[in-house]
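Come along while I look things up one at a time.

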Amino acid sequence: MASPFTSSAPAPHAASDEAPVGGGSRTVPAQGPPAQEPATACATVRHVRPCVTELRLSAFAGHRRARFPLGAVTLFVGASGSGKSSALRAYEALARLGGGARLAEAFADPLACVPQGARPDAQHRRGFRIGCTADGPGGPVRLDVAVQAEPELRIVGERLSAGGVVLLETALRDPGRRTVQAAWHTGGPAPVTRAPLPDDRLGTALLPLRVAGKTDGQRQVLAAAEQMVVALRSVFACDPQPDWMGSPVPTGSGRLLAGCDNLADVLWRTREECGRRHAQLVAALSAGAGGVAGRAVVDLRAEPLADGTVRAVLERADGTRTELARLGYGELRYVALALVLLTGPGVLDVDPVGEVPAAMQTLTLLADGLDRGLDVTQRAELLRLAVRMAERGHIRCVGAVSDGSWAARTDGATVVHLGP
């Protein structure tokens, strides 16, 4: 296997592009370039809000030379073991790094990310390579990262490029030091600025703290880095846990956790703060979890209990009230995912970019097993809701499903097929 570690000198130069997997079509293959290169989504759509439009797994887990186009709503489809979960795991890790997390926080089990069968190089190193493209007001910006998983976890190479120019490049020069040598575009009397950066953090996320922005070149670097960071940071990886969602909970921050076990606390807040969105949630529940005629959902509320906790209940058209704990597994997951699609960063447990107005940010929902436990009606209604909310520009959705045949004909959804 070729080494995943760059050895080129860290200086700006022309950036090379590989042929992508697929373009803006709704259904695309997962591996290898197409016979004729269509225009990519990045080239045909100018995004006002920064967002990730391509995920690259050059050498990661079971993926090699893989490039996945990401639309406003993207579903990874494939059998068990085809790499759906690992693709979402790579995306989530990039989001954590973009938010300033250390490498060990983004990759809890880095050896599981090394391609199976990969052999160590002459220095006994093994690792993996991932990257993405973020589109936005400044056009497409590419980020590629090489990570050493053993003998020590560290970033050994990073490249940020836009418009055919490498704006930041780092490389490991001295394995005995916990730094990488970085060079970023300056465009002044000195073409580049060189400085060491830590080897356990994404250099792109650190650039706004290191670059003064005095020259046109520095401002180009800052604009590209900030676009990438904004695109990556507003990610909410959600995996509703029905076993806990129906239980009474104490009132707290009112911010939905990744497992949605504090759903009642969030409803206690959102029902009063945003009546219009709450009405849309009730309508979505009536369509996907309403039950038989006469038992349609007319409200979803949190009610206080004597011990100071709150619990969630459904109110139905026939006057009956159903505790959320009595709903089935699929119904509870449907309720939670619909709530996520209809809310925003202020309600979800995410850390958006505080210095950027909310109107210029796009939340991305990551949902592995998006269709887990859902019946035919629920998964169709949830996908339609995701597409409808994505059209407004404030939320995107990337999910993994075992069978995507039911989604292939949905306008606004991109289906990426993994495996043969």
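**Entry 1: cysteines.** I began with a definition: a disulfide is a pair of cysteine sulfur atoms within 2.5 Å. With that in hand I searched the model, which is a predicted one, and the structure turned out to hold zero disulfides. I then looked up two cysteines by name. Cys51 is buried, at a relative accessible area of 4%. Cys132 counts as buried too, with 1% relative accessibility.

**Entry 2: the overall picture.** Next I stepped back to see the whole chain. I found ten helices and 18 strands in the protein. How much of the protein is buried? Of its 420 residues, buried ones make up 53%.

**Entry 3: the nonpolar cores.** I wanted to know which residues have the most contacts inside the largest nonpolar core. That core has 59 residues, and the ones I wrote down are Leu57, Phe60, Phe68, Phe76, Phe107, Phe128 and Leu160. Helix H2 (residues 84-98) gives this core its largest share, eight residues. Another core lies apart from it, with 58 residues, including Met245, Leu256, Leu383 and Val401.

Leaving aside residues up to four places away in sequence, I listed what Leu160 touches: Val141, Arg142, Leu143, Val165, Val166, Leu167, Leu168, Thr204, Leu207, Ala224, Ala225 and Met228.

Then I asked which strands pair with S4. One is strand S17 (residues 395-401), which pairs with S4 in the parallel sense over five bridges. I noted Val398 in S17 as the bridge partner of Thr74. Another is strand S18 (residues 413-417), also running parallel to S4 and joined to it by five bridges. Here Val73 has Ala413 of S18 as its bridge partner.

**Entry 4: Glu54 and its partners.** Charged side chains came next, and a search of the whole structure gave me 26 salt bridges. I started with Glu54, which lies in strand S2 (residues 51-60). Why does Glu54 count as buried? Its relative accessible area is 8%, and buried means under 20%.

Glu54 and Arg56 meet through their side chains in a salt bridge, at 2.8 Å from N to O. Arg56 is buried as well, with a relative accessible area of 3%. The side chains of these two are also joined by a polar contact of 2.8 Å.

**Entry 5: Asp199 and two arginines.** I followed Asp199 to Arg154: their side chains meet in a salt bridge with an N to O distance of 2.8 Å. This pair links distant parts of the chain, 45 residues apart. Asp199 sits in the loop between strand S10 (192-198) and helix H4 (203-210), and Arg154 in strand S7 (residues 154-162). I checked burial on both sides. Asp199 is buried at 2% relative accessible area, and Arg154 counts as buried at 1% relative accessibility.

Asp199 has a salt bridge with Arg178 too, and the closest N and O atoms are 2.7 Å apart. This pair also links distant parts of the chain, 21 residues apart, with Arg178 in the loop between strand S8 (165-171) and strand S9 (179-185). Is Arg178 buried or partly exposed? It is partly exposed, with a relative accessible area of 41%.

Salt bridges that share partners join Glu54, Arg56, Arg67, Arg142 and Asp144 into one network. Arg142 was already on my page, as one of the residues that Leu160 touches.

Technical notes
Residues are numbered from 1 along each chain as its sequence is written. This is a predicted model: local features need pLDDT of at least 70, side-chain atom pairs count only at pLDDT 80 or more; totals for chains, interfaces and linings use all residues. Side-chain values use heavy atoms; hydrogens and water are left out. A salt bridge is a side-chain nitrogen of Lys or Arg within 4 Å of a carboxyl oxygen of Asp or Glu. Buried means under 20% relative accessible area, exposed over 50%, partly exposed in between (1.4 Å probe, protein chains only). Helices (H or I, at least four residues) and strands (E, at least two) are DSSP runs, numbered from the N terminus. A nonpolar core is a set of buried Ala, Val, Leu, Ile, Met, Phe, Trp, Tyr and Cys residues joined through side-chain atoms within 4.5 Å. Contact means heavy atoms within 4.5 Å. Two strands pair if DSSP finds at least two bridges between them. A polar contact is a pair of N or O atoms within 3.5 Å; within protein, one must be able to donate a hydrogen and the other to accept it, and residues adjacent in sequence count only if both atoms are side-chain atoms.
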